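User: Please take me through this model term by term. I want each label set against its cut-off.

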Amino acid sequence: MIENKEVWEEGIKALEALHERRRAAPRSRSDTLYWENMLEYFLRIRRAAEKGQSIIFHPLIVPVEIFRAFDLVSATSTFSCTNMSNFIRNQVETLNTSLALGMPLETCSAHRIMLAHVASGWFPKPNLVYDEGGGCDNGTYTVRIANEI
């Protein structure tokens, strides 16, 4: 098992390698921009964690403009964690971790992966957590659970 912030570093290394491969043989300008933006998203969160800057952890469907207006670095809970797991290919480990935490199999896999990242200390510690409590029935309140871990 990769421990704590090393997961984030391994994920960023994998994303950087993917970005370099895509940049070397671009399919389209939009493809190149997508991978540049994806990499910058994760680097921004890493830089904020390193500098002690405020990171706000929130669900997917939340307008982030208000967070940026307050100079907060936004980190989308399920998007960030499921992508990290995709980059380092540890989905089985994360799903087993969330199961060991007591999350039922019926809970959305993206939410289970997010909870495993938070509980394992893989995700950079956010300063703030925002949850509107909406969305899919089986994923409701997982960001609040993540805040309590």
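Predicted model: local features only at pLDDT ≥ 70, side-chain atom pairs only at ≥ 80, totals over all residues.

User: What makes a set of residues a nonpolar core?

Analyst: The members must be buried Ala, Val, Leu, Ile, Met, Phe, Trp, Tyr or Cys residues, joined through side-chain atoms within 4.5 Å. Buried means under 20% relative accessible area; exposed means over 50%, and partly exposed lies in between (1.4 Å probe, protein chains only). The largest such core here has 26 residues, and L15 and F42 touch the most other members. Elements giving two or more residues to this core are α1 (5-24), α2 (29-51), β1 (55-58), β2 (73-76), α4 (77-88), α6 (109-119) and α7 (142-148). The largest share, 8 residues, comes from α2. In soluble globular proteins, nonpolar side chains tend to be buried together.

User: Which residues does L15 touch?

Analyst: Contact means heavy atoms within 4.5 Å. Leaving out residues up to four places away in sequence, L15 touches W35, M38, L39, F42 and F87. A second, separate core of 5 residues includes I56, V64, F67 and L72.

User: How do you know that the span of α2 is close to the expected one?

Analyst: Helices (H or I, at least four residues) and strands (E, at least two) are DSSP runs, numbered from the N terminus. The expected span of a helix is 1.5 Å times one less than its number of residues. With 23 residues, α2 is expected to span 33 Å, and it reaches 32 Å from its first C-alpha to its last. Buried residues of α2 include D31, W35, F42 and R46. The buried residues of α2 pack against α1, β1, β2 and α4. After α2 comes G52, with a positive phi near 75°.

User: Why are β1 and β2 called paired?

Analyst: Two strands pair if DSSP finds at least two bridges between them. β1 and β2 have 4 bridges, in the parallel sense. H58 has T76 as its bridge partner in β2. β1 is also joined to β3 (residues 128-129) by 2 bridges, again parallel. There, I56 has L128 as its bridge partner. Both faces of β1 are covered, with I55 and F57 buried on one side and I56 and H58 on the other.

User: What makes the contact of E20 and R23 a salt bridge?

Analyst: A salt bridge needs a side-chain nitrogen of Lys or Arg within 4 Å of a carboxyl oxygen of Asp or Glu. For E20 and R23 the N to O distance is 2.4 Å, so the pair qualifies. The two are 3 residues apart in helix α1, about one helical turn. E20 has 41% relative accessibility, so E20 counts as partly exposed. R23, at 43%, is partly exposed as well. The structure holds 6 salt bridges.

User: What joins E9, R46 and E50 into one network?

Analyst: R46 forms a salt bridge with E50, with closest N and O atoms 3.9 Å apart. R46 and E50 lie 4 residues apart in α2, about one turn of the helix. E50 is exposed, with a relative accessible area of 54%. Salt bridges that share partners join E9, R46 and E50.

User: Why is T94 called buried?

Analyst: T94 has a relative accessible area of 0%, so T94 counts as buried. T94 is found in helix α5 (residues 91-100). Beyond four places in sequence, T94 touches S85, R112, I113, A116, H117 and W122. Among these, R112, I113, A116 and H117 are buried residues of α6.

Note on methods:
Residues numbered from 1 in each chain as written. Heavy atoms only, no water.
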